[in-house]
Amino acid sequence: LSSGINAEYGEDLGQSLREGLGTLGSMSVKGFDRAKQFSQEKMGNAVKTEYDLEYIQLAARVEATQTNINKSANAARNFLQPNTAARLEDMFNEKVTAAETSTNANLRDLAGKIPIRRGSAMDSRNTYSQILGSHMKAGGTEIGDNSQIGASLCQLGDAFINLGKMEKEYLKDVYDNFFKPFSNHLQVEWTNINTEKRRLDLARLDLDAAKSKVRGARTPEAMQQNEQKVRESQAAFDRQYEQTKILLTDADRKSAEFTNHLEEFVRSQINFHDNAKKLLEETYANMKK
């Protein structure tokens, strides 16, 4: 494994250990054994159970998929709304809308105190094309459509207003059929996977701590007791390992759906640009008459 993966694994294991201690109590025997095993591993003084290469590669692939989907989703949001202020407003509105249906009563109460906001405003906010078209049409009307420049401004203004309406439809289509499913891809699965991975880390610590006690047993009775603990810990580790691997495999398989979201994005792009090209060509032909 690369040093980056090892460092990341150590951080994950430390997080798992902290959560395990917090759950079981730092003064419990199991919590103490976990902390001791973890510390000895960090110092290189303990034997540890290694995950098989297939599991390591599977976990790394699923995590890389999730990480890069998140990065691409953020870039897609910037693409859909380059204006930072408008983008932040949309993000805030989406959070409020989501909080209104949250299972957390405090979040629902907080959302209820905020003026009504319903998700993204990208389908209601005027586009730059509409703003440009409105200015052109207003200027042409003021000059008078009986002059060539006035008539051309009105004609082109109408074209850009219609282009802006197309942009709204396009943005809403991309948002609903690409950005939302794209950004939500594996979110629920990833939460469950993280939980199960941490449980697996703790089960692995328990197993290795039990094995360490066997090696340090000084009496036959202690040896027998510790060997029984190893068998129990091994069974718990095997169960958790299979459960975690099933979730990772399912998430890896679902990542194929990711391509469908990308195809929807391309489809929306094609439709918008085809319609925009047709509109502008008709406007250009009319202006040349």
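Select F237 first: its relative accessibility in this predicted model is 7%, so the residue counts as buried, the limit being under 20%. F237 belongs to helix α9, which covers residues 220-254.

**The partner of F237**

Where does Y51 lie? Y51 is placed in the loop between α2 (29-42) and α3 (53-80). With a relative accessibility of 11%, Y51 also counts as buried. The structure holds 8 aromatic pairs. In one of them, the ring centres of Y51 and F237 are 6.2 Å apart and the planes stand at 0°, so this pair is stacked. Y51 and F237 are 186 residues apart, and their pair links distant parts of the chain. A pair of aromatic rings is described by the distance of the centres and the angle of the planes.

Now extend the selection to Y55 and Y241. Together with Y51 and F237, these residues form one aromatic cluster.

**A second aromatic pair**

Proceed to F79 in helix α3 and F265 in helix α10, the latter helix spanning residues 258-288. Are these rings stacked or edge-to-face? The centres of the F79 and F265 rings are 5.7 Å apart and the planes are at 90°, so the pair is edge-to-face. F79 is partly exposed, its relative accessible area being 45%.

**A buried threonine**

Select T127, which is found in the loop between α5 (105-112) and α6 (128-143). T127 has a relative accessibility of 9% and therefore counts as buried. Which residues does T127 touch, if those up to four places away in sequence are not counted? They are G164, E167 and K168. Display the side chains of T127 and E167 to find the polar contact of 3.0 Å that joins them.

**The whole protein**

Finally, clear the selection and colour the protein by secondary structure. There are 10 helices and 0 strands, and the pattern read along the sequence is α-α-α-α-α-α-α-α-α-α. Of the 289 residues, 36% count as buried. A surface display shows an accessible area of about 17600 Å², with 55% of it belonging to carbon and sulfur atoms. Among contacts between residues at least 6 apart in sequence, 75% join residues at least 24 apart.

Conventions. Residues are numbered from 1 along each chain as its sequence is written. This is a predicted model: local features need pLDDT of at least 70, side-chain atom pairs count only at pLDDT 80 or more; totals for chains, interfaces and linings use all residues. Side-chain values use heavy atoms; hydrogens and water are left out. Helices (H or I, at least four residues) and strands (E, at least two) are DSSP runs, numbered from the N terminus. Buried means under 20% relative accessible area, exposed over 50%, partly exposed in between (1.4 Å probe, protein chains only). A polar contact is a pair of N or O atoms within 3.5 Å; within protein, one must be able to donate a hydrogen and the other to accept it, and residues adjacent in sequence count only if both atoms are side-chain atoms. Contact means heavy atoms within 4.5 Å. Accessible areas come from the Shrake-Rupley method with a 1.4 Å probe; for residues, only the protein chains shown count as cover. Rings of Phe, Tyr and Trp (its six-membered ring) pair if their centres lie within 6.5 Å; planes under 30 degrees apart count as stacked, over 60 as edge-to-face and the rest as tilted.
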